[in-house]
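Here's a quick look at ring contacts, with the cut-offs spelled out as we go.

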Amino acid sequence: MAGLLMSCGSGKKVYISTCDANMVFKQVTYTHLMDSLSYYNNKYVEIVGKYQEGKEESALFSDSLYMAKPNTALWVNFSQDCPLYLTGTHTGFFQYDDGGYTHINNKKIRIRGRLDLHNRGYQKQYKGCIDHVSFIEL
């Protein structure tokens, strides 16, 4: 909770969901996660990366070495079952607010969710999927 309050004070936007509120998320680096994917399958993780969206694309890439190749990325599966809201407001992550939608394309984000190696995203071209997204920090 302290990290959540500090990030709000630093001008960052934090979106949270009540989904998986009782779960413990393991903070891992992007590189470590990619090196140990099978170990983290079906586990709850928190990682930082660069988000890329587009037609048939919702993916997280390494922020240190940005190569827009799906086989180096994780599919991000946002779900209506886990709505994300800006902390302290009722503004939803996918809601039209302040003249536009929340723009995260090509931005570094911190994300929490469950890793699913069976879901490999659009045309099964990604390493796996971050499912049950319950936290985004921009």
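## Charges over rings

The charged end of K43 sits over the ring of Y39, at 3.7 Å from its centre. For a charge to count as over a ring, NZ of Lys or CZ of Arg has to be within 6 Å of the ring centre and within 35 degrees of the ring normal.

## Ground rules

This is a predicted model, where local features need pLDDT of at least 70 and side-chain atom pairs count only at pLDDT 80 or more, while totals for chains, interfaces and linings use all residues. Residues are numbered from 1 along each chain as its sequence is written, and side-chain values use heavy atoms, with hydrogens and water left out.

## Ring pairs

Rings of Phe, Tyr and Trp (its six-membered ring) pair if their centres lie within 6.5 Å; planes under 30 degrees apart are stacked, over 60 edge-to-face, the rest tilted. That gives 8 aromatic pairs. Take Y15 and F93: their centres are 4.9 Å apart and their planes at 80°, so this pair is edge-to-face. Y15 lies in strand 1 (residues 14–16) and F93 in the loop between strand 6 (85–86) and strand 7 (107–116), so the pair ties together parts 78 residues apart in sequence. Strands here are DSSP runs of E, at least two residues, numbered from the N terminus. Both Y15 and F93 are buried, meaning under 20% relative accessible area with a 1.4 Å probe, protein chains only.

Ring pairs also link Y15, Y51, F78, F93 and F94 into a cluster.

Note on methods:
Helix = DSSP H or I, 4+ residues; strand = E, 2+ residues; numbered from the N terminus. Buried < 20%, exposed > 50% of the residue type's maximum accessible area, 1.4 Å probe, protein only.
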